[in-house]
Each structure stands twice: as C-alpha cells, then as structure tokens.
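Please follow the account below with the sequence and the model side by side.

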Amino acid sequence: MKKSIKKLSIRYWLMGLFFIVAVFASIANALVVHFLIEDTIGKAIVRDMSNSIHVIPKMIQSSLEASIKNHLKTIAEKNIEILYSIHNKTLTGSMDETQAGELAKEILLSQQIGQTGYIYAIDSKGVIRIHPESLLKNQDLSEYHFIQTQLRQKKGYIEYEWKNPGEKETKAKALYMDYFKPWDLIISVSSYREEFISFLDINDIKSFVGKYRFGKTGHVAIIDENGECIAGCGKTGSLYPEAEKEHWQKLFEIIKEKQNGFTTQQWTDKESEKASGKLIRFQYIPEMKWAIASIADVNEINEPLDNLNRYIILSIIGILIIILPSGYFLGLILSKPLTQLANEMESASAGNFNFKADETAFGEIGDMARHLNVYLDGLESAHNRLHNEIKERIDVESQLHIFARVFESAMEGISITDTDGNILNINRAFCEITGYEPDEVIGQNPRILKSDRHDDEFYKNMWQSIIEKKHWSGEIWNRRKNGEAFPEILSISAIEDDHGETTHYVAVFHDISEMKIQQDKIKFQAYHDALTGLPNRYLAQDRLTVAIRQAKRNGNKIAVLFVDMDNFKLINDSLGHTNGDLLLQEFGKRLKQVAREQDTVARLGGDEFLIIVNNIQTNHHVDEFTLRLMMIINEPYLIESQKIHVTASIGIALYPDDGVQAQDLIKNSDLAMYQSKSENKNNYHWFTEELSRQAVEKMNLIGELREAIYKNEFQVYFQPKVDPKKLDVPGVEALIRWQKKDGRIVSPAAFIPLAEETGLIVKLGHFVLEESLKAVQTLRQKDFPPVKVAVNLSPQEFAESDVVDITLNLLKKYDLPSSVLEFEITETTMMTNLDATIEKMNLIKNQGISIAIDDFGTGYSSLYYLKSLPISTLKIDKSFIDDITFNDNDAKIVETIILMAKSLGLNTVAEGVETEEQLQLLGGFDCDLIQGYYFARPMPVEELIRFLKGFHKR
C-alpha cells in the first residue's frame with residue numbers, strides 16, 4: 001500500500017497538497033477571524049463589566065465616608081459648643097476652672113459613639129488629657145502617626161488603622177476632630193467605620209446600580225450576606241425573576257470565598273424552566289459584607305459568533321470545490337518536465353558522471369538541469385579530495401582533543417618549564433589567574449610570580465624536595481601581574497625521559513582566594529550576630545572565659561553588664577519588624593561607642609546585649625561607665641524620619657566577686673537586670689547574693705508546689721457574700737490556701753503566679769472546683785438556704801477546650817444544678833481573644849452557669865464588652881473600695897459602676913469591705929452584695945457552716 005502511494009504521479013501529490021493547504025489555510029483563517037472577533041466581543045463585555053465593578057464600590061465608599069464624616073462632625077461641633085458654654089461660666093465666675101474641667105471630662109466620657117466609639121482629648125503636644133481608658137491619661141502619644149496628623153490639622157476628618165490591646169487584627173477607624181483653643185484641647189470623636197454602614201441610603205445605591213446594562217439582559221446586582229439581592233435584581237431588563245433567591249445565595253458564597261474575579265454559572269429560570277449560562281464579574285466588599293456582581297448572559301454574548309461560524313463554514317465548502325480541479329491541472333503542468341528529469345537522473349545514479357541533463361526545459365526545471373550538470377562535473381574530484389582531507393583531519397583532531405582536555409581546558413593554571421626554569425608553555429587558566437598574557441611569561445622564570453610572603457628557606461626546602469623526590473605540593477602565596485598577592489595550592493612534578501633524566505617541570509596550581517574568603521566569612525558568621533555584626537552568645541562567652549584567665553593572672557576585675565531594651569516588643573509591633581531591626585542595629589552602635597577597644601559588646605539575641613568591661617579597678621569606675629552608657633542609650637533615635645525614645649534595664653556582675661565562671665557571671669548579671677526591670681526599668685542594678693537567693697527560692701518553691709499538689713496540701717476556704725438589705729448570705733467565693741505539713745501558710749500571692757507560670761494552675765483549678773461543689777452539696781444536705789459558690793477561672797483554665805465538660809461532669813457527680821455555680825473571670829482573660837471569649841462564655845451560660853467579671857475597673861472596663869458578653873455580675877475591685885470614704889474620685893467611680901451595672905441589668909459585688917462607713921456608703925449606692933472582713937474572713941467549710949447558722953439566727 002505504501003509503495004503504491006509513493007508511485008503516484010506528482011500531479012496527484014500536488015493536487016492533494018493544494019487541497020490540504022487550502023483546507024488548513026481556510027480553517028486557520030476562520031479560526032483567526034473567530035478568535036479575533038470573540039476576543040473583541042469578550043474584551044468589550046469584560047471591560048464594561050469590570051468598569052461597573054470598579055465604579056460602584058468607589059461610589060459606595062464615597063457615600064459611606066461622607067455619611068460618617070457628617071455624623072462625627074455634628075457630634076464634635078456640638079461638644080465644642082458645650083465646652084464653650086462651660087468655659088463662659090468660668091469667665092463669669094459662676095464656676096471655677098477645676099469644676100469646669102471635671103464637668104467637661106464627665107460630659108465627654110459619658111458619650112458613646114456607636115457600639116465601640118468614644119470621645120477623647122489631647123493637647124497640642126500630643127499628650128492625652130481626657131480618655132475613657134484611665135491608664136492612658138497624661139500619656140504622650142505624639143509618636144503615633146494619626147496623633148501627628150491631629151497635631152498638624154487640629155480640625156477635620158481622618159481615617160486610620162487601629163488595633164485595641166488584645167486584638168490580633170487592625171480595623172479601619174474614622175475620626176473627626178475640632179480644636180477648643182481656650183483649653184488647648186483637640187476634641188476627637190472616634191469609632192470603627194464598620195459601625196456606620198447603616199447610614200447608607202440603599203435607594204441611592206439602587207438608582208446608581210440600575211444605570212448599568214450589558215446588551216439586552218446584562219446588569220449589575222448587589223447581594224448581602226443573607227443572600228438577599230438588594231439592588232439590580234428586578235425583572236426589568238433581566239432574565240432572572242426576584243423569586244430566584246437560591247441563585248443569589250449560591251453566588252454570594254462563591255464571591256465571599258474568592259473575593260475578586262470571574263465565574264460562570266448555570267441558572268434556571270423557574271418561569272420558563274430554561275437553563276442559561278451566566279458570565280459574572282464580581283468583587284467582595286468585606287467592610288459592607290456585600291457582593292457586587294456584574295452579570296451577562298453567555299448566549300447573548302455568543303450570538304454574533306454563532307452567525308459568523310455559519311458563514312465561515314459555507315465559505316470553506318465553496319473554496320474546496322474550486323481548489324480540487326485547479327490543483328489537478330496545475331500538477332499536470334509541473335509534473336511532466338520533472339518526470340523527464342527524474343528518468344535522466346536515474347541513469348546517472350549508476351556512476352555515469354558524464355551524464356548531461358536537458359538544459360532546454362522551461363523555467364526553474366531548466367535551472368535545475370544546469371545546476372545538476374555542474375554538480376556532476378565536480379562530484380568525482382570532490383569525492384577524492386574529501387577522502388584525503390578526512391584522514392588528515394582525524395589525525396589532527398586526535399592531537400587537539402588530547403591537548404585541549406589535558407592542558408587548555410583545565411581549571412587549574414598549568415606551566416611547563418625546561419630544566420633551567422624557563423617557561424615554555426602555559427594554559428588559559430594560568431593567564432586568567434595571574435593576569436599575564438602568554439607572550440609576557442614564555443621564556444621567563446616562574447619567580448616573576450614570587451611574593452614576599454615566604455623566606456629563602458621556604459623555597460630552598462621546596463626545590464630540595466623537587467630534586468630529591470621529583471615532586472612537591474603545598475600551599476603557597478604568589479603575586480598576580482597587578483601586584484596582588486593570592487594563596488594557591490601548588491603541585492610541581494619533574495618529567496623524565498626514558499633514561500630517567502629530568503627534561504621538564506610541570507607546575508599545576510589552583511587559586512584558593514575565594515575559598516579563604518568563604519572560610520573567613522563562615523567563621524565570622526558562626527561567632528557574630530547576623531543583624532548587628534556584634535559577637536554572638538558563643539563568642540561573648542569565649543571572650544569572657546579568656547578575659548577571666550587574663551584577669552586571674554593579672555589580679556584585675558571584670559564587669560559583665562547585661563543590657564535589655566525596655567518595651568522593645570511594643571516598639572517593634574508599632575514600627576514594624578524592619579524598623580525594629582534598624583533600631584537594634586543603632587542600639588548596638590551606641591553600646592560600642594561607650595565601650596573601649598579592649599571591651600566586648602555582644603548581642604545575645606532579641607533585645608538582649610552583653611558588655612564585658614576588662615581591667616576594672618574600682619566599682620565606682622563601673623558606675624561611671626554604666627551612667628555614660630545609659631545617657632547615650634536615652635538619646636533619641638531617628639528611625640525612618642521618626643524620633644524614637646528608648647531606655648534600657650542593666651544588670652551588673654563583677655569578677656571575681658559574683659562568679660569565677662563565664663556562665664555564672666552572665667547568669668548573675670541577667671538576674672540583676674531583672675531586678676532593674678522590676679524597679680520601673682531605665683535603671684541599673686548590681687548583682688547581690690539576695691538576688692541569687694531569691695532565684696533559688698523561686699525554683700525551690702516551684703518544686704515544693706509540685707510536691708504539694710501531689711501530697712494534697714491545699715485547702716479551699718470560702719468567704720461569704722452578704723446581701724446588706726436582706727441580711728442573708730446568697731453566695732460565697734471559693735479561695736485556695738496552701739498549708740504545709742509543718743503548719744506554715746503560704747500566701748496565694750506567692751504561689752498563684754508560679755502556678756500560672758508553670759501551668760500547674762489548671763490542676764489547682766480543678767481541685768478548687770470539685771471541693772467547692774462538694775461544699776455546696778454539704779450545705780444542701782444540712783438544709784441551708786440555697787448558696788451560690790463563685791470559683792475563679794484562670795486564663796489557662798478558660799482556654800481549656802474541655803472546661804465545660806469537666807464542670808458538667810462534676811455537677812452531675814454531686815447531683816447539683818448548674819445554677820449553684822458562678823465563674824469569676826478577669827477582664828484580661830476576656831479581652832485576650834474577644835470572639836473566642838464570647839463563644840466560650842455563651843457555651844458556659846447556655847449550661848446555666850453564671851459569669852462574673854472579677855476585679856472590675858482595673859482592666860479595660862469597656863462598655864462594649866459589658867454589652868456584648870453574657871455576664872451577670874460585676875465585682876468592684878478592692879482598690880476602689882479602700883478609699884471611698886475619704887476619696888471623692890473613688891467614691892464617684894464606684895457609684896458610676898453600680899449605676900452602669902443597674903442600667904445593664906447586672907448585679908454588683910463590692911470586694912474588701914472592712915468598715916461600717918464603707919458599708920453605709922455602698923448601701924447608699926445600692927450595691928447588691930458585700931464581701932470583706934467586715935462580715936467574715938475566708939474560712940474552711942466547717943467554719944462556714946457555723947457562720948451561716950449564727951448569721952441566720954442573727
């Protein structure tokens with residue numbers, strides 16, 4: 001079959017070729033036209049859809065921003081009017097400035113903007129003067145970017161990103177400020193942008209969205225998080241009736257997941273029961289929780305292409321009908337002379353080089369015949385010459401191959417000399433390494449490469465080895481043409497003839513400069529900090545060990561300073577890690593400025609540095625050195641055009657007074673540094689045996705704590721909560737006590753922090769919970785009125801995933817309803833992760849267990865979380881109760897807390913009540929429960945039973 005096809009006349013091949021070319025050309029042309037038109041249509045649709053997706057969010061954001069700005073501006077201007085009215089009273093003498101300031105503060109702080117917004121005031125230097133968070137009062141916040149903006153503008157609207165303490169992500173905040181000149185106050189009304197979404201006029205948005213149309217049915221729609229189409233969803237100009245809600249719900253989920261892009265969907269119209277493809281360009285607006293979708297019908301997009309395709313197919317059929325006969329006749333004209341030429345060439349294939357083709361044929365075929373005749377004339381002689389050249393080339397290439405591989409292509413420099421040391425030949429690597437060209441060294445002695453790094457004895461020994469052993473190898477320094485000395489590995493060998501006589505010397509060398517540099521670099525990196533270039537912990541310890549040896553011989557002292565930057569984490573989080581690294585580098589340079597050449601400044605890691613000061617004569621010398629160090633540390637740092645103020649805590653240990661080993665001196669200086677941290681930072685402290693003793697005591701106490709848990713040395717005491725109106729005891733608080741076997745009582749303040757630090761607080765918490773429920777069961781069995789027990793829940797316990805299951809199992813074990821139990825949780829615990837906290841607390845509340853906020857007023861004290869969290873009780877911290885009888889501010893705070901709690905439907909408990917005066921004042925404030933030494937100290941369950949019996953009789 002293949003042979004038959006090959007024997008077909010060229011006319012048929014040409015006809016088939018023309019046919020195939022025509023088919024492929026027509027199809028290719030049709031495809032190009034198709035795709036060009038398809039691309040043009042597609043780009044137009046995509047452009048229109050993308051434009052709408054870009055324009056509408058900007059319109060929404062602009063509308064939202066205008067609404068927020070107007071709302072905040074109205075509040076700010078109203079408060080400025082109030083402040084002027086108060087200020088006028090001071091001018092008329094009806095109110096003094098102190099009363100006016102307090103009234104203004106009370107008015108500003110009493111206002112809540114949305115759910116989390118508030119009003120605060122700063123002076124023109126960036127110092128907080130009025131703020132809901134009392135801890136921020138008088139704090140200088142001028143280093144923050146948005147505060148700097150306020151100081152420049154003093155009046156107007158700004159937006160910025162903010163993250164409250166405990167939150168992981170920043171959110172957009174909006175702020176309008178106005179300047180109250182009489183008191184030099186910038187009044188700022190601030191809240192999160194997301195709280196003002198409800199201000200948008202949806203009718204304006206519907207009207208704007210309805211303007212966009214694509215073809216007959218294409219349009220733009222806006223979908224909310226409930227899957228409701230809130231704009232652009234009506235039947236007018238659309239193929240989708242309003243009843244098709246599942247389309248919108250499904251589309252919203254896709255858009256929320258992908259955020260931005262294109263998708264295609266198959267939608268079925270319930271009225272017509274027809275499915276149609278939809279091309280959708282979408283974008284998600286997280287702030288609004290809206291999805292914007294620009295929708296076009298695929299069938300409508302493809303309709304022009306379908307018409308074009310039908311026209312192209314008909315055109316291709318017509319072209320093929322014309323091509324077939326045309327190809328046959330054209331092939332017939334071309335094939336006849338070619339067939340004749342092929343027959344004549346066949347006769348020449350037998351070796352008849354004298355054959356002459358017919359040069360009279362027309363066109364290119366005649367040219368082919370002439371060229372063929374010329375080719376045949378020279379073919380025989382060329383064949384003979386080629387045979388000879390091939391043989392010669394094989395011999396030459398063999399020699400060149402060996403030379404190239406052994407000599408020229410070597411990575412090492414190679415030189416060949418005669419017995420007198422004259423250079424006969426060199427390779428390419430020799431030139432590259434030394435910089436000499438062949439004509440500069442051939443005929444010269446290799447000593448032109450000699451450096452001054454080796455003496456005559458070195459070269460004498462080298463040549464003695466070459467003469468005696470016929471070989472020498474080793475590391476040597478030579479010199480390049482430019483005068484640069486460089487290290488190399490050199491091997492010199494003697495070449496002998498058949499009689500054993502040396503005829504040549506071959507030197508092979510390798511430049512090891514880069515290897516030396518890399519070795520030095522690796523050594524440096526192993527013992528230096530990558531960020532600052534200072535010695536690291538290992539090198540610092542090694543240098544300190546060497547310094548100790550020298551000091552021991554010379555009878556000198558060494559000071560070891562452990563330097564830790566204060567509040568670096570806060571600075572790093574505020575400026576960003578890149579600027580934090582720049583600050584660490586500058587900090588290290590400051591330390592080196594103070595240190596002497598013989599001293600060592602090292603970075604141990606993070607923000608911890610170590611300074612080794614040698615040859616110390618007196619302790620006074622160290623004090624002076626440390627004071628100079630603190631002065632240069634405290635000078636402002638300019639990081640990315642921002643002035644940063646940094647302080648440091650320093651600990652000092654002295655050799656040999658505080659240790660004779662490097663590790664001991666570093667450890668003791670670290671202990672002294674922590675003492676400086678505990679003394680308000682920006683300070684230095686000498687190591688003392690007392691610090692060492694405290695560290696040992698801490699370790700011993702941790703060991704005793706573990707053993708005490710194992711030996712069950714703990715007891716649970718109960719302090720009553722008294723209702724001052726009814727004079728009954730509706731609840732108690734469970735408190736843990738550690739009584740050692742020898743009768744000594746360990747204060748909870750001593751072991752609770754250690755238990756939290758070591759994680760043992762979870763075991764202690766489980767113990768307190770079970771003992772508390774067991775005590776409640778005992779009271780119920782003795783027919784006491786219902787008593788609710790409050791159990792403190794530590795942050796680690798609250799984070800446990802099974803805390804609710806453990807609690808429910810214990811309630812079931814002691815046959816108690818969940819209403820007898822209340823968990824007391826600190827504000828810090830709740831604000832660590834607010835979303836997770838709300839979820840966990842709702843889970844607890846749903847089981848019937850009530851929740852109280854412990855130590856209220858010492859933490860965040862935010863109205864937002866009071867409103868959001870499922871709590872039932874506020875416990876007012878003892879620090880406010882202590883001074884309420886003689887400190888009006890504390891009294892007002894306590895009264896405000898109680899009034900606020902009442903308005904939110906919460907109960908209040910006053911902790912630490914010890915006097916009749918405190919009790920009377922709290923009764924006047926309508927406080928629900930009283931807890932403190934005035935009624936009873938914490939007591940074991942047996943004493944609690946006797947107390948309840950006596951209290952009820954009273």
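**From a strand to the cavities**

Apart from neighbours within four places in sequence, Glu-161 is in contact (heavy atoms within 4.5 Å) with Thr-170, Lys-171 and Ala-172. Glu-161 belongs to strand E3, residues 156–162, where helices (H or I, at least four residues) and strands (E, at least two) are DSSP runs numbered from the N terminus. Between the C-alpha atoms of Glu-161 and Lys-173, which are twelve residues apart along the chain, the separation is 5.9 Å.

The model is a predicted one, in which local features need pLDDT of at least 70, side-chain atom pairs count only at pLDDT 80 or more, and totals for chains, interfaces and linings use all residues. Residues are numbered from 1 along each chain as its sequence is written, and side-chain values use heavy atoms, with hydrogens and water left out.

The protein chain contains 29 helices and 32 strands. Of its 954 residues, 42% count as buried, a term for under 20% relative accessible area, with exposed meaning over 50% and partly exposed in between (1.4 Å probe, protein chains only). Among contacts between residues at least 6 apart in sequence, 59% join residues at least 24 apart.

Asp-529 counts as buried because its relative accessible area is 16%. Residues up to four places away in sequence aside, Asp-529 touches Leu-534, Pro-535, Asn-536 and Arg-603.

Helix H17 (residues 662–678) has 17 residues and spans 25 Å from its first C-alpha to its last, close to the 24 Å expected at 1.5 Å a residue; the expected span is 1.5 Å times one less than the number of residues. Buried residues of H17 include Ala-662, Leu-665, Ile-666, Asn-668 and Ser-669. Just after H17, Asn-680 takes a positive phi of about 70°.

In soluble globular proteins, nonpolar side chains tend to be buried together.

On a 1 Å grid over the protein atoms alone, a cavity is a set of points where a 1.4 Å probe fits but cannot get out, and a pocket is an open set with protein on both sides within 12 Å along at least five of seven lines; lining residues have an atom within 4 Å of a point. Points are joined across faces, edges and corners, and a volume is the space filled by probe spheres set on them.

The second largest pocket has a volume of about 980 Å³. Of its 35 lining residues, the closest to its centre are Glu-733, Leu-735, Pro-748, Asn-792 and Asp-854. Elements giving two or more residues to this lining include strand E25 (728–739), helix H19 (748–758) and H20.

The count of cavities of 30 Å³ or more comes to one. The largest cavity holds about 50 Å³ of space, and helix H20 (761–781) and helix H22 (803–813) are the elements that give two or more residues to its lining.
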